[in-house]
Amino acid sequence: MPRYMISFNDGDMQFPEEDFKAVGEAAHQVMEEGVAQGIWEGGGGFLGFYPFVVDELGNVDARPLAETNKHIGGFTVVNVKNDHEAFMWAEKIAKACRCPQEVRRIMDDPIGEEIYKKYSRD
């Protein structure tokens, strides 16, 4: 099945501070539903914007790959049948997080899937 990344930009979640607990609970309910259905591969929110770039020699720089005024604030990876199902999950996440979600299909990688299955604990 295809995998999709569902994400939002840092700063997109706009709600009163007193709603933080309710937003977290709603997001965790969507996560629990996805895990129970076996489509949730992972995800989470980022605490601030503190990226590091590591090159092929192992050099580490505290910076983004490219300067931009937008950066991902949180993401989810789901494994669903098609675009329609990915959009359905994005809608649930949008409601829970109170902000629009971007949906991107992850490139198919049959060799990578075989490697994963080889070492999977399932």
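A salt bridge, as the word is used here, is a side-chain nitrogen of Lys or Arg that lies within 4 Å of a carboxyl oxygen of Asp or Glu. The model shown above is a predicted one, in which local features need pLDDT of at least 70 and side-chain atom pairs count only at pLDDT 80 or more, while totals for chains, interfaces and linings use all residues. Residues are numbered from 1 along each chain as its sequence is written, and side-chain values use heavy atoms, with hydrogens and water left out.

## Salt bridges

Side chains of opposite charge can pair when their charged atoms come close. The structure holds 9 salt bridges, and one of them joins the side chains of Glu33 and Lys92, with a distance of 2.5 Å from N to O. This pair links distant parts of the chain, since Glu33 belongs to helix H1 (residues 20–37) and Lys92 to helix H2, 59 residues apart. Helices (H or I, at least four residues) and strands (E, at least two) are DSSP runs, numbered from the N terminus.

| Salt bridge | N to O distance |
|---|---|
| Glu33 and Lys92 | 2.5 Å |

Strands of a sheet pair through backbone hydrogen bonds, either parallel or antiparallel. In this model, 4 strands form an open sheet in the order S2-S5-S1-S6, and the pairing is antiparallel. S2 and strand S6 (102–106) stand at the edges, each with a single partner strand, so one side of each is left without a neighbour in the sheet. Neighbouring strands of the sheet are turned by 20° against each other on average, with direction ignored; such angles, which run from 0 to 180 degrees between N-to-C directions, are taken between axes, that is, lines fitted to C-alpha atoms, for helices over the stretch in contact.

Two strands are said to pair if DSSP finds at least two bridges between them. Strand S1 (residues 3–9) pairs with S5 in the antiparallel sense over 7 bridges, and within this pairing Arg3 has Asn79 as its bridge partner, while Tyr4 has Val78. Strand S5 (residues 72–79) is mostly covered, for 6 of its 8 residues are buried. Helix H2 (residues 83–97) lies across S1, S5 and S6, and runs at about 30° to S1.

## Buried residues in the strands

Contact means heavy atoms within 4.5 Å. Ser7, which is found in strand S1, counts as buried because its relative accessibility is 4%. If neighbours within four places in sequence are left aside, Ser7 is in contact with Ile72, Gly74, Phe75, Pro100, Gln101 and Glu102.

Trp40 lies in strand S2 and counts as buried at 17% relative accessibility. Not counting residues up to four places away in sequence, Trp40 touches Val30, Met31, Gly34, Val35, Thr76 and Val77. The C-alpha atoms of Trp40 and Thr76 are separated by 7.7 Å, although these residues are 36 residues apart along the chain.

## On the surface and in a loop

Which residues form a nonpolar patch on the surface? They are Phe52, Val54 and Val60, with about 320 Å² of accessible area together; accessible areas come from the Shrake-Rupley method with a 1.4 Å probe, and for residues only the protein chains shown count as cover. Patches are made of residues with over 30% relative accessible area and no salt bridge, where like charges are joined within 9 Å and nonpolar side chains (Val, Leu, Ile, Met, Phe, Trp, Tyr) within 5 Å. Val60 has its place in strand S4 (residues 60–61) and counts as exposed because its relative accessibility is 53%.

Arg98, finally, sits in the loop between H2 and S6, and is partly exposed at 38% relative accessibility. Its phi is near 60°, a positive value in a residue other than glycine.

Methods. Buried < 20%, exposed > 50% of the residue type's maximum accessible area, 1.4 Å probe, protein only.
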